[in-house]
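The sequence and structure are shown first.

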Amino acid sequence: MRKGVGLIAILVLLLPGLGFSGSVSFRLGYFVPNAKSDLWEVEFENMTFTRSDFQSAVLGLSYEHFLSRELSLVIGVDAFSRTRPGIYRDFVGYSFEEGDFAYPADYEGDFAISHDFGVSFTPIQVSLKLTPFSRRSSIIPYIGGGVSMYFWSVKLWGNIIDFEDVWIDETENIDIYAVKPANVREDYQITFGFQGFAGIMIPFARRAALEAEFKYWYGKGNLDLFEGFQDFDLSGYQISLGINYWF
């Protein structure tokens, strides 16, 4: 997946040299995932990491082909990846001959029950961009939107509590749960979505402008290996700053 995305980025950079007129943008942004599907929710409910732990910087690159003074075709790629370790909030682990088990957190415990949760989204975007006042003003507002092809992955490795595997500690008269190792990797998945954006450009040289943009991504990916979960939420919003160079 990374090689494919890298080839697309190289193609975007080579387009100007192939005789295509337009502009190239380089962006540094900050992405905030919606994180609304049930796998996200289960992780946040049980683990010590939070939604804000999955907010992260993103890098973006795009090529813009001028169709007219006001309308452009934009091909772009962004890259978001975040992995966080977490510990179960309300449980501690004990080891017995029968295996490892989760007890309520008010027990001392032999070990902390933990795992890592990682997500990666790389949308390849094809959009139409409208600059209603063309590119000849001192401040150039624009809006746009289009379709996205997401390359994405979700990974979980470490220990999980199997809440369906219930045991009884007869001494303490409480329910306990089996703790099991896990290494689930939903890798190299592809799905389609869409995105919309708005921003301004401020020229500072004859062929260059500073760019500030707000973008909303939307997408949902089917989970094959995380059984019993609904489609994974890939959506979120991005705020970015960059440089736009015209040629």
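## Lining of the largest pocket

In this predicted model, the lining of the largest pocket divides into 13 nonpolar, 2 polar and 5 charged residues. The lining has 20 residues, and Tyr88, Ile160, Ile161, Asp162 and Phe229 lie nearest the pocket centre. Helix 2 (38–46), strand 7 (140–169) and strand 8 (174–205) are the elements that give two or more residues to this lining. Strand 7 provides the largest share, 6 residues. The volume of the largest pocket is about 500 Å³.

In soluble globular proteins, nonpolar side chains tend to be buried together. Here the largest nonpolar core has 30 residues, and those with the most contacts inside it are Trp40, Phe117, Val119, Phe121, Val154, Ile161 and Phe232. Two or more residues of this core come from each of helix 2, strand 6 (114–130), strand 7 and strand 8. The largest share, 5 residues, belongs to strand 7.

Valine 119 touches Trp40, Phe54, Phe80, Ser81, Arg82, Ser153, Val154 and Phe232, leaving aside residues up to four places away in sequence. A second, separate core has 7 residues, among them Val92, Phe101, Ile174 and Ala178.

## Serine 240

Is serine 240 buried or exposed? Serine 240 counts as buried because its relative accessibility is 3%, and buried means under 20%. This residue lies in strand 12 (residues 236–246). Not counting residues up to four places away in sequence, serine 240 touches Arg27, Leu28, Gly29, Glu211, Ala212 and Glu213.

Note on methods. Residues are numbered from 1 along each chain as its sequence is written. This is a predicted model: local features need pLDDT of at least 70, side-chain atom pairs count only at pLDDT 80 or more; totals for chains, interfaces and linings use all residues. Side-chain values use heavy atoms; hydrogens and water are left out. Helices (H or I, at least four residues) and strands (E, at least two) are DSSP runs, numbered from the N terminus. Buried means under 20% relative accessible area, exposed over 50%, partly exposed in between (1.4 Å probe, protein chains only). Contact means heavy atoms within 4.5 Å. On a 1 Å grid over the protein atoms alone, a cavity is a set of points where a 1.4 Å probe fits but cannot get out, and a pocket is an open set with protein on both sides within 12 Å along at least five of seven lines; lining residues have an atom within 4 Å of a point. Grid points are joined across faces, edges and corners, and a volume is the space filled by probe spheres set on the points. Ala, Val, Leu, Ile, Met, Phe, Trp, Tyr, Cys and Pro count as nonpolar, Asp, Glu, Lys and Arg as charged, and the others, Gly among them, as polar. A nonpolar core is a set of buried Ala, Val, Leu, Ile, Met, Phe, Trp, Tyr and Cys residues joined through side-chain atoms within 4.5 Å.
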